[in-house]
Amino acid sequence: MDERTARELRGLARVLVRSGYADHAAITAALTEAVREDAPSMDPAALVPLLIGEAVMDLNADAATWPESTDTDRLDGVLAELEALGVVVVRYTSDHHEARAVLEAAEGPQGLVFFTDTDVWHAVDFGMLELKLWHPDTANVAPGEPLLEDVLELLHRNDLPAVFDEGRIEVTLNWQRRVTL
């Protein structure tokens, strides 16, 4: 396996583990597929546990230096508060179709906030999470609308800098989620 492929596989293991949403089986499946595609000469049964183990050790070492309450802890609090207000929250979904199905199945939703797995991976590496915010009819929110203003105010109140840009809320945060695999 060449150096670039090794770096990419380690990077994938890193974001999958640090996301805090994927369980061991999902991480194993994703990495096994990536090894088969990108490094077909390698044995996934031998390589994948090493990739996961390295990513978990790195995460645990970093987590020892984190504050007791992290940005992702505060984000979880914001999302829980939105749910209590009747906003449907979909975390770490594969795409907007899954989020839409959850919204359409909800009774009397006040709106939908969701983010995808790739949004989380971006947040892990670059410190910015994109939240999508829809009305109950699946229309995007627009600047000045009460639903958007309420969500932005709630994020700001919880020390999570956020701006609305091009149809999404960009939340600046350090992705520090404690993980047990």
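Select D76 to begin: this residue is partly exposed, with a relative accessible area of 24% (buried means under 20% relative accessible area, exposed over 50%, and partly exposed in between, with a 1.4 Å probe and protein chains only). The model is predicted, so local features need pLDDT of at least 70 and side-chain atom pairs count only at pLDDT 80 or more, while totals for chains, interfaces and linings use all residues. Residues are numbered from 1 along each chain as its sequence is written, and side-chain values use heavy atoms, with hydrogens and water left out.

**From D76 to R177**

The side chains of R177 and D76 meet in a salt bridge at 2.9 Å, N to O (a side-chain nitrogen of Lys or Arg within 4 Å of a carboxyl oxygen of Asp or Glu). R177 lies in the segment after β5 and D76 in helix α4, so this pair ties together parts that are 101 residues apart in sequence. Helices (H or I, at least four residues) and strands (E, at least two) are DSSP runs, numbered from the N terminus.

Is R177 buried or exposed? At 11% relative accessibility, R177 counts as buried. Its side chain also makes a polar contact with the side chain of Y21, at 3.0 Å. A polar contact is a pair of N or O atoms within 3.5 Å; within protein, one must be able to donate a hydrogen and the other to accept it, and residues adjacent in sequence count only if both atoms are side-chain atoms. Leaving aside residues up to four places away in sequence, R177 touches R18, S19, G20, Y21, L59, W66, T72 and D76 (contact means heavy atoms within 4.5 Å).

**Along helix α4**

Next, select residues 71-84, which form helix α4 and include V78. V78 is buried, with a relative accessible area of 1%. Not counting residues up to four places away in sequence, V78 touches L154, L155, N158 and L160.

In this helix, R74 and D71 lie three residues apart, about one turn, and their side chains meet in a salt bridge at 2.2 Å, N to O. D71 counts as buried, at 14% relative accessibility.

Now select E81, which counts as partly exposed at 33% relative accessibility. Which residue does the side chain of E81 meet in a salt bridge? The partner is R157, at 3.9 Å, N to O. E81 lies in helix α4 and R157 in helix α7 (residues 146-157), so the pair ties together parts that are 76 residues apart in sequence. Salt bridges that share partners also join D119, E130, K132, R168 and E170 into one network.

**Between the two domains**

Colour residues 3-64 as domain 1 and 71-172 as domain 2; these bounds come from an automatic or database domain assignment. The contact takes seven residues from domain 1 and eight residues from domain 2. The domains bury about 670 Å² between them, 71% of it on carbon and sulfur atoms; buried area is the accessible area (1.4 Å probe) that two parts lose on being put together, summed over both.

Select R14 and D125, whose side chains meet in a salt bridge at 2.4 Å, N to O. Across the interface of domain 1 and domain 2, the rule finds one salt bridge.

**The whole protein**

The protein has seven helices and five strands, and of its 181 residues, 44% count as buried.
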